[in-house]
Amino acid sequence: MEPDTRERTSERGFPRWRVARGPVVLPDERPPLGQAVVLALQHVVAMFGSTALAPLLMGFDPNLAILFSGIATLLFFVVVGGRVPSYLGSSFAFIAVVIAATGYSGSGPNPNLSVALGGIVAAGAVYALIGVAVMRAGDAWIGRLMPPAVTGAIVGAIGLNLAPIGVKGISGSGLDVGIGLFTILAVGLAASYLPGAARRLPLLIGAVAATLLYGLLANGLGLAKPLDLARVAEAPWFGWPHVTTPVFEPSAIWLIAPVALVLVAENLGHVKAIGAMTGRNLDPYLGRAFLGDGLATMLSGSFGGTGVTTYAENMGVMAVTRIYSTLVFAIAGVVAILFGLSPKFGAAILVIPGPVIGGLSVVVFGLIAAAAGRIFVEGRVDFSRTRVLLTVGTALVLGAGDFTVSLGSFKLGGIGTATAAAILLYHLLRDDPA
């Protein structure tokens, strides 16, 4: 399929979503209604594992995160005029900085949640402003500011910065270690050997398998603290979630707001990838995509939800099904909202034992770090260049070591310093002379 290079900025309003006739369903087309609902459910399942895991790692309410992932997806859908197929879920880029800003211990509700929310709202505001700038000035400057060498270094630094959290999650008693390693193995086997669409849900399947094993050993054989299933039974099917308002502390804002640059890199890659898959030039919608994601992050953070980002899991579903209809994502957003309004659903998520979450963390954080390699390869980054070596190497070490800069109330954590170093070094250094 040859890319459609025509500018699409002249299009106004939403597509008419004509019924698709072929095996490929483009963004402005739609499958039959019944099929669209089933496809929407599949997208909700695909995003569920990561969207529920991220808030657990930060001490947020996972049910609220699911709810606002649906609201965020609908908001994004409106801002881009239904032209860019995307699902917005919990962003893992916030985990390390939220933990650093709040001193979260790693289990139970985060006692300093409001402080983290202030930083998330600030990050969303920065992100939205970048979107407005791109809408006014075009998107070329983003590519110049953050070429693949820089974006790959930032993504790799995030994964390495999070690594100690995952390792801590599977450390402890012999049973904890065993369950954590079994979780990793279960995810790997699901991703490698399960048939069809099930292969796209390795986190969910791995979590269920490991939780069942833990329940057998703990509740059945009494080898560990039993799972509290009574809380699930007692929880109502429907109910309004408990919201939390943000508190804006300068130290937390300085730590968390720079994550906006990471979200820009993620969304940039998403739009480029979807454009390549559909044969559509979606670059004219890049500014609106940034703005929609930024506004959605601000809205989510204003009520107790996580920062959000476009999800690669759902991009994978699109690649498998070849169905890119944006209308399917609008339906998925509504389905997620219904799940988010079910306390019983949220109680079931909280049953997942600690070592299972730890095992999932190892997999997810490892995939984030490994994604840097993909960015380098696809961007044809030349590591024979001294500028590239110094940029990438410095950023990775600053991120892995969680190098933090503190000047009075200003505090920049490992991800922030790695991001700043990658951008500054790449543009300050010159290439080797010919």
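Predicted model: local features only at pLDDT ≥ 70, side-chain atom pairs only at ≥ 80, totals over all residues.
Let's start with helix α2, which spans residues 62–79, and helix α14, made of residues 326–340. Their axes come within 7 Å and cross at roughly 155°. The cut-off is 145 degrees, and therefore α2 and α14 are roughly antiparallel to each other. As for the sense of the crossing, α2 passes α14 in a left-handed way. Which residues of α2 and α14 meet here? On the α2 side you will find Asn 63, Ile 66, Leu 67, Ser 69, Gly 70, Ile 71, Thr 73, Leu 74 and Phe 77. Facing them from α14 are Thr 326, Leu 327, Phe 329, Ala 330, Gly 333, Val 334, Ala 336, Ile 337, Phe 339 and Gly 340. Sorted by class, this contact has 12 nonpolar and seven polar residues, with no charged ones.

Now turn to helix α6, residues 148–169, and look at two of its neighbours. One is helix α18, residues 414–428, whose axis comes within 9 Å of the α6 axis and crosses at roughly 160°. That angle makes α6 roughly antiparallel to α18. The crossing of this pair is right-handed. From α6, Ala 149, Val 150, Ala 153, Ile 154, Ala 157, Ile 158 and Asn 161 take part, and they meet Gly 414, Ile 415, Ala 418, Thr 419, Ala 422, Ile 423 and Tyr 426 of α18. The residues of this contact divide into 11 nonpolar and three polar, and no charged residue is among them.

The other neighbour is helix α17, residues 386–400. Here the axes come within 7 Å and cross at roughly 20°, which means that α6 is roughly parallel to α17. The crossing with α17 is right-handed. Ala 149, Ala 153, Gly 156, Ala 157, Leu 160 and Asn 161 of α6 make this contact with Val 388, Val 392, Ala 395, Leu 396, Gly 399 and Ala 400 of α17. By class, there are nine nonpolar, three polar and no charged residues.

Finally, let's visit an open space in the model. How much space lies in the second largest pocket? The volume is about 1400 Å³. Its lining takes in 48 residues, and Leu 56, Tyr 104, Ser 107, Gly 108 and Leu 350 lie nearest the centre.

Notes
Residues numbered from 1 in each chain as written. Heavy atoms only, no water. Axes fitted to C-alpha atoms, helices over the stretch in contact; angles between N-to-C directions. Helix = DSSP H or I, 4+ residues; strand = E, 2+ residues; numbered from the N terminus. Parallel < 35°, antiparallel > 145°, perpendicular 65-115°, else oblique. Left-handed = near helix turned anticlockwise from the far one by under 90°. Contact = heavy atoms within 4.5 Å. Nonpolar A, V, L, I, M, F, W, Y, C, P; charged D, E, K, R; others polar. 1 Å grid on protein atoms, 1.4 Å probe; cavity = no way out; pocket = protein on both sides within 12 Å on 5 of 7 lines; lining within 4 Å. Points joined across faces, edges and corners; volume = space filled by probe spheres on them.
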